[in-house]
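Trainee: Could you walk me through this one? I'd like to learn how to read it.

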Amino acid sequence: MTYCVAMCLADGLVFASDSRTNAGVDHIATFKKLHVFHQEGERVLVLQSAGNLATTQSVISLLSARIRTQQEPNLMQVTSLYDAAMLIGKTLLEVIQRDSSNQQTCSNTNFNCNLLLGGQIAGETHRLFHIYPEGNFIEATRDTPYFQIGESKYGKPIIDRVLTIDTPLEQAMCCALISIDSTLRSNLSVGLPLDTLLYRSGSFSSAGQHRITDSDPYFNRIRKAWSEGLLHTFQTLPTWTPAEREEE
């Protein structure tokens with residue numbers, strides 16, 4: 001399994017993904033799940049994936065090959081993030097239908113995957129989409145400025161409590177990392193290293209990429225502070241007593 005989160009905020013975009021895949025407790029591997037398609041000064045497209053690894057790798061390979069061979073349409077030619085989401089959705093559906101039709105006898109095989117697409121193309125603002133296995137998609141809004149895919153339930157409460165459309169990008173990245181840390185503590189199928197990207201609107205730069213390992217000083221500092229802060233807050237809460245409940 002995996003966990004990816006992406007946030008679309010007033011100042012730009014924040015992405016964070018783990019890198020663990022597993023096919024049982026004795027078959028665990030590391031694969032990058034955050035991919036960048038970049039044309040300097042003109043577009044930055046970030047794609048995150050969760051689900052069947054073979055499906056996601058095929059989708060990335062097809063998208064990259066179509067850019068390399070200049071096959072139309074491709075991600076370097078589309079004129080909007082919406083068109084990019086349409087193209088990726090069609091490619092995803094193409095791969096799932098191809099592989100599932102070749103494996104009709106393997107009824108238990110799940111070829112599905114979910115994708116998050118965020119970025120900016122010159123001429124429009126930054127945007128964020130969640131693309132489903134069926135090829136359709138939804139877009140992040142001011143009221144719902146983030147998406148999660150994979151093991152999302154453990155890291156959702158912190159985001160819901162602190163994130164707004166106006167959260168500064170650096171604080172949002174801290175929130176995303178705490179969200180992943182909460183997932184790491186509760187689910188062994190999610191693991192380090194983490195891949196992150198902070199994109200400032202209008203920069204058209206992918207220089208904000210960073211890989212976080214178990215020795216990363218900032219990540220270790222905030223996860224320790226968060227854990228200790230939660231424990232301290234819990235210990236200072238009023239103690240529940242049956243007598244007080246009866247008086248109410």
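Here is a short chat about cysteines and aromatic rings.

Mentor: Quick heads-up: this is a predicted model, where local features need pLDDT of at least 70, side-chain atom pairs count only at pLDDT 80 or more, and totals for chains, interfaces and linings use all residues. Residues are numbered from 1 along each chain as its sequence is written, and side-chain values use heavy atoms, with hydrogens and water left out.

Trainee: How many disulfides does a search of the whole structure find?

Mentor: A disulfide is a covalent bond between the sulfur atoms of two cysteines. Here it's called when a pair of cysteine sulfur atoms lies within 2.5 Å. The sulfur of cysteine 175 has its closest cysteine sulfur in cysteine 174, 7.5 Å off, so that's too far for a bond. Searching the whole structure gives a disulfide count of zero.

Trainee: Is cysteine 175 buried or exposed?

Mentor: Go by relative accessible area: buried is under 20%, exposed is over 50%, and partly exposed is in between (1.4 Å probe, protein chains only). Cysteine 174 comes out at 24%, so we call that one partly exposed. Cysteine 175 has 5% relative accessibility, so its label is buried.

Trainee: Which residues form the one aromatic cluster?

Mentor: Rings of Phe, Tyr and Trp (its six-membered ring) pair if their centres lie within 6.5 Å; planes under 30 degrees apart are stacked, over 60 edge-to-face, and the rest tilted. Tyrosine 82 pairs edge-to-face with phenylalanine 137, at 5.3 Å and 75 degrees. Phenylalanine 129 also pairs edge-to-face with phenylalanine 137, at 5.5 Å and 90 degrees. The cluster is Tyr82, Phe129 and Phe137.
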